[in-house]
Every structure is written in structure tokens, then in C-alpha cells.
Amino acid sequence: MCALLGLRGPRAPPPQPLLLLCLLAAARPGRPDSQSPASPFPSLAGREEMQVRYFNLSLESHNISLTEHSNAAIEKNITLQRPSNIELTCLFTTSGDVNSVNVTWKKDDKLLKHNYLIGATGNVLYTQYTFTILNSEQMGNYSCFLQEEKEQRGTFNFKVPELHGKHKSLITYIGDSALLICKCHDCSPVNWTWYSINESAQVPVDVQKNDKYVITGANASETKLRILDLSEEDQGSYRCHATFQLGESEDTIELVVLSYWVPLKPFFAVAAEVVVLVSIIMLFEKCTQKKRNPPDDGKEFEQIEQLKSDDNNGVENSAPRHRKNESVVAQ
């Protein structure tokens with residue numbers, strides 16, 4: 001750890017070569033940059049020293065810019081799949097005195113007391129934390145805290161690559177085959193594993209014991225699980241699991257297995273609705289017709305009586321005519 005004089009931070013005595021580098025860096029004029037002044041920390045020499053010290057690992061450099069007017073913490077997500085040297089830099093711009101800014105670093109909630117530098121150029125304060133990530137325990141969140149009148153925070157979130165499967169359910173039918181694909185963009189896991197999830201437990205897919213499963217992969221960045229001769233028992237969740245040098249990642253794919261009668265169910269439902277609707281319409285029309293033409297038994301009875309009365313009158317009228325005819329014949 002090294003800190004420039006006049007800035008508040010830990011003052012542990014560093015090794016002599018590193019102290020010399022810090023002093024040279026503080027006195028070195030900044031490099032031109034259109035957005036912000038250049039960092040006063042050792043760049044090429046320091047990075048080469050770091051790489052040699054940590055087994056010639058690749059170097060990952062990331063930075064966050066903060067101001068005294070920042071209203072919220074700034075976070076940056078960093079994807080890492082293999083051991084690397086890490087260089088994190090926080091830049092803080094203030095209108096006040098940079099010497100009054102207190103700087104601290106934390107990993108998650110643990111205070112880091114070593115391996116970070118503090119420097120300033122004009123009204124910009126720099127703090128840089130250098131370390132090496134070799135295993136999953138060193139992954140996590142690394143934060144710089146800059147305390148002036150108000151505390152500002154920048155956080156670097158380290159995580160392994162995410163997997164990308166088909167998030168929508170894969171729908172297929174009994175007797176068919178299903179192909180589940182899981183990918184990892186721009187990464188190469190050490191190992192792939194597939195699991196079938198039964199209620200609360202997950203069971204590894206064993207292609208040696210069950211020949212209905214076939215696992216293939218066109219390259220190291222993807223894996224494919226083919227399930228043959230599907231049945232309703234094959235329906236459920238399948239999880240692809242990738243193992244990296246620095247951690248693990250997984251994704252879940254839902255498989256839905258339907259019978260061939262399932263697509264016809266909506267048709268049968270619509271047909272039944274049509275039949276019911278037609279029956280209701282016909283019944284309604286029949287009832288309406290009865291209301292418009294109600295049965296009139298009284299009028300029918302009056303018509304019958306009228307006909308009988310007419311018949312009787314006809315008989316009575318014909319009797320005098322017969323008598324009259326008889327009298328004419330007698331004369």
C-alpha cells in the first residue's frame with residue numbers, strides 16, 4: 001500500500017521499490033486525455049511488475065468516476081471467468097481541497113487496509129486498488145468510499161459469466177424429441193452438467209444409464225440436451241450448470257409435453273359453445289312465437305257454436321217452404 005503525502009489514508013511503510021515508483025508517479029506529468037486527467041499511478045512499469053509477481057496472469061483494469069454532487073452510488077458489473085490481476089481505480093472530482101478527502105476500500109463489508117494508492121492531479125483525486133483474483137472466494141463486491149462533506153461510493157461487482165437458455169417454455173408432444181440448448185457468450189466453462197428437477201430435488205442427467213438422453217455441444221461455449229421419445233413423465237424443469245475456474249453459473253429451461261388431443265380441445269370447446277348457443281336461440285324463438293300467437297280456445301268455441309246455430313236456422317227456414325209448396329199443390 002502506498003499513499004501520497006497530504007492525503008488521508010493508511011500510511012503503512014511500503015517496500016523501497018514500490019515507494020520509488022509511487023514518488024515517480026506523483027511527480028510525473030499527466031498524460032493528455034479529453035475526458036479526465038491521466039492517473040498518476042505507475043502504468044506500464046507497475047503493470048508489468050504485477051504480471052510478473054502474479055504468474056503472468058492477464059490484467060483487468062476498470063475505473064469509476066465520481067463527483068461531489070453524485071446523488072447515488074455508482075456500480076459497475078465485471079464478468080470474470082479465469083484468474084486475473086485486477087486494477088480498480090476511482091476518480092473523484094471536487095471543488096474543495098483534495099487533501100481533506102478521506103479514502104477507504106472495502107470488499108463486501110470487510111475493510112481493506114493494504115494494496116491501494118492515493119494520488120491527486122488538480123481537483124481530481126485518484127485512488128487505485130490492485131490485487132489478484134485466484135479463486136471464487138475472492139469474487140464479490142469491491143467498493144471505494146470517498147468521504148468529504150458527503151460520502152460517495154463506487155462499487156465493482158465481480159461475477160462469473162451468465163448462461164443463456166430459452167426462458168420461454170419449450171412445448172412439444174408425446175413421442176417427439178426435444179432439444180434443450182444452453183449457451184455462454186464469449187466464455188468457455190471448464191465443465192457442463194445437466195440436471196432434471198423433480199419437485200424440490202435435482203437429479204443429474206446420466207446419458208450412460210439412460211439412452212433417451214443425448215448430450216452434445218458444437219463448442220465449449222454451449223451444451224445441448226436431446227430427449228428422445230418424450231412421455232408425460234419427461235415434462236418439467238431442466239437445469240444446465242457451468243463450472244468456471246472462479247465459480248459456477250446455471251440457468252433453467254421449462255419443458256412442456258402435450259398429447260395430440262390437447263390442440264383439439266379448443267376446437268371441441270368452441271363446437272360445444274356453438275351447439276349450446278344455437279339451442280338457446282331456437283328455444284328463444286319458439287317461446288317468442290308462442291307469445292305472438294297465443295292459443296284462443298274461446299274464439300274456437302264461439303265459432304263452433306255459430307256454425308251449429310247457422311245449421312239450425314237453415315233447418316227451420318226450410319220447413320215453411322215445404323208447407324207452402326204443399327198448399328200450392330193442393331189447390
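Residues are numbered from 1 along each chain as its sequence is written, and side-chain values use heavy atoms, with hydrogens and water left out. Since the model is predicted, local features need pLDDT of at least 70 and side-chain atom pairs count only at pLDDT 80 or more, while totals for chains, interfaces and linings use all residues.

Reader: How many aromatic pairs does the structure hold?
Author: Rings of Phe, Tyr and Trp (its six-membered ring) pair if their centres lie within 6.5 Å; planes under 30 degrees apart count as stacked, over 60 as edge-to-face and the rest as tilted. By that rule, the number of aromatic pairs in the structure is seven.

Reader: What kind of aromatic pair do Trp 105 and Phe 156 form?
Author: The two ring centres of Trp 105 and Phe 156 are 6.4 Å apart, and there are 15 degrees between the planes, so with under 30 degrees counting as stacked, that label applies. Trp 105 is in strand 5 (residues 102-107) and Phe 156 in strand 10 (residues 151-159), 51 residues apart; strands here are DSSP runs of E, at least two residues, and helices are runs of H or I, at least four, numbered from the N terminus. The pair of Trp 105 and Phe 156 is stacked.

Reader: And Tyr 142 with Phe 158, what is that pair called?
Author: Tyr 142 sits in strand 9 (residues 141-147) and Phe 158 in strand 10, so the pair ties together parts 16 residues apart in sequence. The ring centres of Tyr 142 and Phe 158 are 5.7 Å apart with planes at 90 degrees, so the pair is edge-to-face.

Reader: Are Tyr 142 and Phe 158 buried or exposed?
Author: Buried means under 20% relative accessible area, exposed over 50%, and partly exposed in between (1.4 Å probe, protein chains only). Tyr 142 comes in at 3% and Phe 158 at 5%. Tyr 142 therefore counts as buried, and Phe 158 counts as buried.

Reader: Which residue lies over the face of Phe 145?
Author: A charge sits over a ring if NZ of Lys or CZ of Arg is within 6 Å of the ring centre and within 35 degrees of the ring normal. For Phe 145, the residue at 5.2 Å from the ring centre is Lys 106.

Reader: What's the handedness of the disulfide between Cys 90 and Cys 144?
Author: A disulfide is a pair of cysteine sulfur atoms within 2.5 Å, and Cys 90 and Cys 144 have theirs at 1.9 Å. Cys 90 lies in strand 4 (residues 84-93) and Cys 144 in strand 9, so the pair ties together parts 54 residues apart in sequence. The torsion about the S-S bond of Cys 90 and Cys 144 is about -90 degrees, so the disulfide is left-handed.

Reader: What pattern do the disulfides follow?
Author: A search of the whole structure finds three disulfides. Besides Cys 90 with Cys 144, Cys 182 joins Cys 240 at 1.8 Å, and Cys 184 joins Cys 187 at 1.4 Å. With bonded cysteines counted along the chain, the pattern is 1-2, 3-6, 4-5.

Reader: Which residues does Asp 234 touch?
Author: Asp 234 is in the loop between strand 16 (222-227) and strand 17, and at 6% relative accessibility Asp 234 counts as buried. Contact means heavy atoms within 4.5 Å. Not counting residues up to four places away in sequence, Asp 234 touches Lys 212, Tyr 213, Ile 227, Asp 229, Leu 255 and Val 257.
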